[in-house]
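Please consider the following structure. The questions below ask how its descriptions follow from their definitions.

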Amino acid sequence: MSTPMERIFSHLFRSHRNRKNQSFHYFYLINEDEINRLQFQHYVYQQVWGSNFSAPVTELLKTDGTRILDVGCGPATWLLEVATEYKKSKFTGVDIKPIYPIHTKPCNVEFVQTEELTRLPFEDNTFDYVFCRAMMFAFKITDWEIAIKEICRVCKVGGYVEFMEKDIVIENEREFTKKLRFRLIEELVKKNVEPIISPKIKDYINKTNQFTSIKHEEKTVTIGGADRLSKEYKELFTWGAKNLKEAMKKSGFNLESDSIEKSIKEITDNYGCDKIHRIWARKVPMVKAY
Ligand SMILES: C[S@@+](CC[C@H](N)C(=O)[O-])C[C@H]1O[C@@H](n2cnc3c(N)ncnc32)[C@H](O)[C@@H]1O
C-alpha cells in the first residue's frame, strides 16, 4: 500500500525505487566531464592509430550516397570529423542520450535517439559501414552478443562493421596494480560489465555466419612515457580511472582514496602499457544450406 504522499509524488517515488535497483550501467551515464573526456579520448585514439578507422572503406566513403552508422555515437566527435571529410556520404549517429550536437552539424549528418542500442530502429541491410566504439560500460555482458547481431543485421551485404575497444588489461603491471585490477574486474563482472571484450567481439561476429575474414588489429601505448603521446595517454587513462571510480562509488563500491594515484605511479614507473583493439569484417551474402 502506498502512502498519500507517495501517491501524489508517485513519479518521484517510482524513479527513486527504480534507482535503488539500477544496474551499474545506469550510474555510468554521461555527464559534462565525461563528454569532455570522450572528446579528448577521440583525439588521443586518433594519434595512437594514425587514422579514424581500419576497415578498407576509404573509397566507399568517397562515393555518393554511401550510408554510415555510428552506434552509441555519444558526443559524435568521430562521426562529425569523418562526415566533414567525406561529404558525399550520409552519416547517422544513434544513441540513447542526445549528447550529440543537434543544431550545429554538417548537412550529411543526422542523429537518432533510441531507447536501447540492442534494438536498432533501422531496416535490415541499411548501412554500408557500421562503426561502434568504446561501449564496454554501455552494453551489459548479456547484451554484447545481441548488440553485435543487431549491428550485423543493419549492415548491407558487401558492407563493413568495425568495433574499437580497450580491455581492462595492463602490460608490465606490478603487484599493487594487479591486485587493484583484479578487484575491479571482480566487481565489474558482478555489475554485468564485460572487462575483457575484444576476443569475444570476433566470436560474436563469427556466430552470425555472415562475415568473412574478420580482422583484429591492436596498438600498444605506454602509459606515461617521455614522448608526447604517452604523456597524453597517461592523462586520458587517469581521467578514465577517476570517472570509473566515481561511477563505482555511486553504485556502492568504494576504492581506497589514494588507490588510483598509487597504481598510476606504479604503472608509469614500470613502463606499463595499454592495448587498444580494432575488429572489423565484411558482410558476405548468405550461403544457402541445401
Ligand atoms: C563511452 S560512450 C562512447 C561514445 C562514442 N562511441 C565514442 O567513442 O566517443 C558510450 C555511449 O553509449 C551510450 N549508452 C547506451 N546505452 C548505455 C547504457 N546502458 N549505459 C551507459 N551508456 C549507454 C551512452 O549514451 C554513450 O554515448
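Q: What makes α4 and α6 parts of the shell around the ligand?
A: Each of the two helices, α4 (32–49) and α6 (77–85), supplies at least two residues of that shell. Helices here are DSSP runs of H or I with at least four residues, strands are runs of E with at least two, and both are numbered from the N terminus. The model is a predicted one, in which local features need pLDDT of at least 70 and side-chain atom pairs pLDDT 80 or more, whereas totals for chains, interfaces and linings use all residues. Residues are numbered from 1 along each chain as its sequence is written.

Q: How many helices and strands does the protein chain have?
A: Its secondary structure comes to eleven helices and seven strands.

Q: Which residues come nearest to the ligand?
A: Of the 21 residues around the ligand, these are His25, Gly72, Gly74, Arg133 and Ala138. A residue is near a molecule if its C-beta atom, placed from the backbone, lies within 6 Å of it.

Q: Why does the radius of gyration of the protein chain agree with that of a compact globule?
A: The rule, applied to C-alpha atoms, is 2.2 Å times the number of residues to the power 0.38. For 290 residues a compact globule would have a value near 19 Å, and the protein chain has 20 Å, which therefore agrees.

Q: What share of the protein chain counts as buried?
A: Of the 290 residues, 31% count as buried, a term that requires 20 or more other C-beta atoms, placed from the backbone, within 10 Å of the residue's own.

Q: What does the C-alpha trace span along its principal axes?
A: The trace of the protein chain spans about 60 × 55 × 50 Å.

Note on methods:
Buried ≥ 20, exposed ≤ 12 C-beta atoms within 10 Å, placed from the backbone.
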